[in-house]
Amino acid sequence: FGAQPLSYKTITNILFLKISLSDFLTLLSARTTGPFWTVKPGVLLMAAFVLAVLVSTFIALFCSFGNQTKPLDVNLGGFVWGYCLLWFLAQDFLKVFAYKVLGKYNIFNFNNIAGNCGKGRSG
């Protein structure tokens, strides 16, 4: 693909950004039993999300932690963002699918355990 080898310091910073982004994206997915867009997130959650991902991205692109990391190139930072968004969408799709299968076949007595949990918050 023409990619250059990555140093340990760059990989460490890639992991920092990936974990920061994917953890907050998971919060957006985990709030509902349906697709993430079916329920609008609260103002505080969105504010925390925007602040956290902006600060994480800024740190990854422009800062280094002593001698442990190296700031990422903007293209590499964009690649990490794209990677995280792609897996976020896949995770959300699989979440919805899992809820439907668990409910339809009552796997692990799901319908009795879940009760009204999540009803009315999404489809």
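**Exercise 1. Which residues in helix 1 meet which residues in helix 3?**

Solution. Work on the predicted model.
- Step 1: take the helix 1 side. The residues there are T10, I14, L17, K18, L21, S22, L25, T26, L28 and S29.
- Step 2: take the helix 3 side. Their partners are L76, G77, V80, W81, Y83, C84, L85, F88, Q91, D92 and K95.
- Step 3: describe the packing. Two packed helices are described by the angle between their axes and the distance between the axes. For helix 1 and helix 3, the angle is about 35° and the axes are 9 Å apart.
- Step 4: assign the hand. Helix 1 and helix 3 cross in a right-handed way.

**Exercise 2. Classify the aromatic pair of F16 and F65, and locate both residues.**

Solution. 
- Step 1: search the whole structure. Seven aromatic pairs turn up.
- Step 2: take the geometry of F16 and F65. The centres are 5.7 Å apart, with 75° between the planes. Planes over 60 degrees apart count as edge-to-face, so F16 and F65 form an edge-to-face pair.
- Step 3: place the residues. F16 lies in helix 1 (residues 8–30). F65 lies in the loop between helix 2 (43–62) and helix 3 (74–105). The pair therefore ties together parts that are 49 residues apart in sequence.
- Step 4: check accessibility. F16 is partly exposed at 25% relative accessibility. F65 is partly exposed too, at 41%.
- Step 5: look for a cluster. Ring pairs link F36, W37 and F88.

**Exercise 3. How many disulfides does the whole structure hold? Account for C63 and C84.**

Solution. 
- Step 1: count. The search finds zero disulfides.
- Step 2: The nearest cysteine sulfur is that of C84, 19 Å away. A disulfide needs sulfur atoms within 2.5 Å, so C63 is in no disulfide.
- Step 3: C63 is partly exposed at 27% relative accessibility, whereas C84 is buried at 4%.

Methods
Residues numbered from 1 in each chain as written. Predicted model: local features only at pLDDT ≥ 70, side-chain atom pairs only at ≥ 80, totals over all residues. Heavy atoms only, no water. Phe/Tyr/Trp six-rings, centres within 6.5 Å; stacked < 30°, edge-to-face > 60°. Helix = DSSP H or I, 4+ residues; strand = E, 2+ residues; numbered from the N terminus. Buried < 20%, exposed > 50% of the residue type's maximum accessible area, 1.4 Å probe, protein only. Axes fitted to C-alpha atoms, helices over the stretch in contact; angles between N-to-C directions. Left-handed = near helix turned anticlockwise from the far one by under 90°. Contact = heavy atoms within 4.5 Å.
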